[in-house]
Amino acid sequence: MLVTHEITLDPILASLPKEFADPRILPRSDPYFNIFRPGGDPVQVGWRLHDMSAAIASCHGVHDSYISQAFFKQPNRRAISLFGLTHAWVDLDYYKCQGWLTDFIKNTGADAHQVASLVLDKCREIGIPPTSIQSSGRGLYVKWSFTNMVGPAGAARVRALNRQLVRLFADFGADPAACDVSRVLRVPGSINSKTGTICTTLYSDAISYDYSEFCDEILPLTLDELHQRQADRQAAREQRKEDRRGDHRRKGRILDKADWSCKVVADMTTLADMRWGGRVPEGQRDTWTWIAAAHLALWLPPSDIQPEVEELLHIWQIEPDFIRKNKNLTSVINRAKKSWSAKKNPDEDIRYKFGKETLIKKLEIDKTEMANLNALIDKEEKYKRHKKSRNIKNMPKNIERNAKKMTAIAMAQAGGDLIEIAKNTGINVRTLRRWRKENA
């Protein structure tokens, strides 16, 4: 079972009634979340984080109110505006599923509390007790809170995590469509108009999980294994290039491609903030929008590309009709549509793809800017980060080794027998002689 960490309930959520609780960490800044009410005239309102308790309270007793599961930089739910995610979730439509659970409900007349108890048993069996289980009125939401917020660069991995949870809870009617970062779920305290039932929290425990450890436990591959798979695929691609004698088309990848594309777009937004206060100036717009749209096309289905590009233009303060004027953006969307329709044949993938060195050159990224980026860094910066990480990891060993060294030097200078000191400390005699001479 994974190690759990206690959640200190944020004052913003502490004022809510226990039956409507949704325990999780909250960002330290003040991003947006969204309340959505569908119907004949859909309404979506972007709220600031500090108003969360008031926003949730305003939904009590209101029919069909939904809340975004992620936080955003703008009052919308576009993936390009993502600020961060605080938890993983799965939506269980157990009333739709077939098999043993359907028979169990028919034979026993089990209600949501009893089904939630079965779900809790399943979670404990897997080794991931949930933070909360909520009734949606005729289904269940199961959530696992993280100890720290996951930023935009981790969005693709969280989506993959949610998809894996759908597979694990398939017997309970897990909804595969409820995995994306823009997902909304019913607000605790609101009413499901289809059943007239109030959405409530059936189970909650103030626990959270380290995001990386949770991913390694749930996903089929750890990050190290993904990187190794990426290296293996790169070697295979090189071999295919040689076999095709000049055909340089590259086969698509699965998670690592989406993860990389997500990080590139996040890095470009960071660069724009550092260089120009978020506004991409004229002279840079063609290249920047082309590169960003090309990476969105590697991550999103074709139907979602244009709305996300429009939101990106808004963030970068570029006029909306830029899409119509720019042939590169049109080409990106057209290529994505053709590649998507032939996605079962990777050789027909004609979407634009850029290597890391090409992106660094096109975006003119310097060494000082790389310190604030995640993906667009050169080998020197990557080595520097690995070295720093390695030093932190080895710090306890280094402290222990230095303490042993100082003890051995003190014993040698005090006239102790070097052979005896070597036996007690595991340090060879030649090294002890050298240390004693250096510290004489």
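My cavity test, on a 1 Å grid over the protein atoms alone, asks for a set of points where a 1.4 Å probe fits but cannot get out. The model is predicted, so I kept local features only at pLDDT of at least 70 and side-chain atom pairs at pLDDT 80 or more, while totals for chains, interfaces and linings use all residues. Residues are numbered from 1 along each chain as its sequence is written, and side-chain values use heavy atoms, without hydrogens and water.

I read about 80 Å³ for the largest cavity, a volume filled by probe spheres set on the grid points, which are joined across faces, edges and corners. I then listed its lining (an atom within 4 Å of a point). Among the lining residues are Lys73, Pro152, Cys262 and Trp299. Helix α8 (residues 255-276) gives the largest share, four residues. Helices here are DSSP runs (H or I, at least four residues), numbered from the N terminus. By class, I noted nine nonpolar, one polar and one charged residues.

Next, the nonpolar cores (buried residues joined through side-chain atoms within 4.5 Å). Buried means under 20% relative accessible area with a 1.4 Å probe, protein chains only. The largest core has 92 residues, and Val119, Trp144, Phe214 and Trp316 touch the most other members. A second, separate core of 13 residues includes Leu13 and Phe33.

Last, I checked α10 (residues 302-315). It spans 21 Å from first C-alpha to last, close to the 20 Å expected at 1.5 Å a residue. Its buried residues include Ile305, Glu308 and Leu312. Gln317 follows α10 with a positive phi, near 60 degrees.

Key
On a 1 Å grid over the protein atoms alone, a cavity is a set of points where a 1.4 Å probe fits but cannot get out, and a pocket is an open set with protein on both sides within 12 Å along at least five of seven lines; lining residues have an atom within 4 Å of a point. Helices (H or I, at least four residues) and strands (E, at least two) are DSSP runs, numbered from the N terminus. Ala, Val, Leu, Ile, Met, Phe, Trp, Tyr, Cys and Pro count as nonpolar, Asp, Glu, Lys and Arg as charged, and the others, Gly among them, as polar. Buried means under 20% relative accessible area, exposed over 50%, partly exposed in between (1.4 Å probe, protein chains only). The expected span of a helix is 1.5 Å times one less than its number of residues.
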